[in-house]
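Notebook open, model loaded. I'm jotting down what I looked up, in the order I looked.

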Amino acid sequence: MTTESHTESTEATTAAPTGVILTDVAAGNVKRLLEQEGRDDLRLRIAVQPGGCSGLRYQLFFDERSLDGDVVSDFDGVEVVVDRMSSPYLAGATIDFADRIDAQGFTIDNPNAQNSCACGDSFH
């Protein structure tokens with residue numbers, strides 16, 4: 001398991017050991033959600049799973065598990081976990097949080113996504 005501390009900004013371009021970038025805005029929202037859960041043993045897990053109209057889809061969820069081969073990064077106190085199978089698909093991906101009239105929630109900007117579908121949460 002690799003753990004490294006990073007302070008990222010919305011304009012961040014340096015990827016963490018997980019290969020993903022968590023913006024300050026996203027990290028703040030993760031902290032807020034974790035406080036609402038009232039647990040300090042949860043981390044944000046980002047994974048790629050088979051499915052969706054383009055072949056793969058993202059999963060973001062809170063997880064207390066540690067899996068063999070997990071890569072962990074710390075973004076200002078928010079731990080982000082990526083499993084070893086998802087890492088190659090997420091290298092360089094930026095996790096942000098949108099709060100606009102047309103969209104609200106976590107967004108993933110992934111330079112590895114060659115195709116996407118209209119639903120916005122599937123890629124290949």
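This is a predicted model: local features need pLDDT of at least 70, side-chain atom pairs count only at pLDDT 80 or more; totals for chains, interfaces and linings use all residues.

I started with α1, which has 14 residues and reaches 20 Å from its first C-alpha to its last, close to the 20 Å expected at 1.5 Å a residue. The expected span here is 1.5 Å times one less than the number of residues. Helices are DSSP runs of H or I with at least four residues, strands are E runs of at least two, and both are numbered from the N terminus.

Residues are numbered from 1 along each chain as its sequence is written, and side-chain values use heavy atoms, with hydrogens and water left out.

Which residues of α1 are buried? I found Ala26, Ala27, Asn29, Val30 and Leu34. Seen down the axis of α1, these buried residues fall within an arc of 165 degrees, so they line one face of the helix. The arc is taken from the directions from the helix axis to the C-beta atoms. On the other side of α1, I noted Glu35 and Gln36 as exposed. My cut-offs: buried is under 20% relative accessible area, exposed is over 50%, and partly exposed is in between (1.4 Å probe, protein chains only). Just after α1, Gly38 takes a positive phi of about 70 degrees.

Next I looked at Asn29, which sits in α1 (residues 24-37) and counts as buried because its relative accessibility is 13%. What does Asn29 touch, not counting residues up to four places away in sequence? I got Phe97 and Phe106, with contact meaning heavy atoms within 4.5 Å. Asn29 and Phe106 are 77 residues apart in sequence, yet 9.0 Å apart C-alpha to C-alpha. The Asn29 side chain also makes a polar contact of 2.8 Å with the side chain of Arg32. Polar contact means a pair of N or O atoms within 3.5 Å; within protein, one must be able to donate a hydrogen and the other to accept it, and residues adjacent in sequence count only if both atoms are side-chain atoms.

Then I moved to Asp70, in the loop between β4 (56-63) and β5 (71-75). Asp70 is buried, at 8% relative accessible area. Its side chain has a 2.7 Å polar contact with the side chain of Arg45, and a polar atom of the Asp70 side chain lies 2.8 Å from the backbone nitrogen of Leu67.
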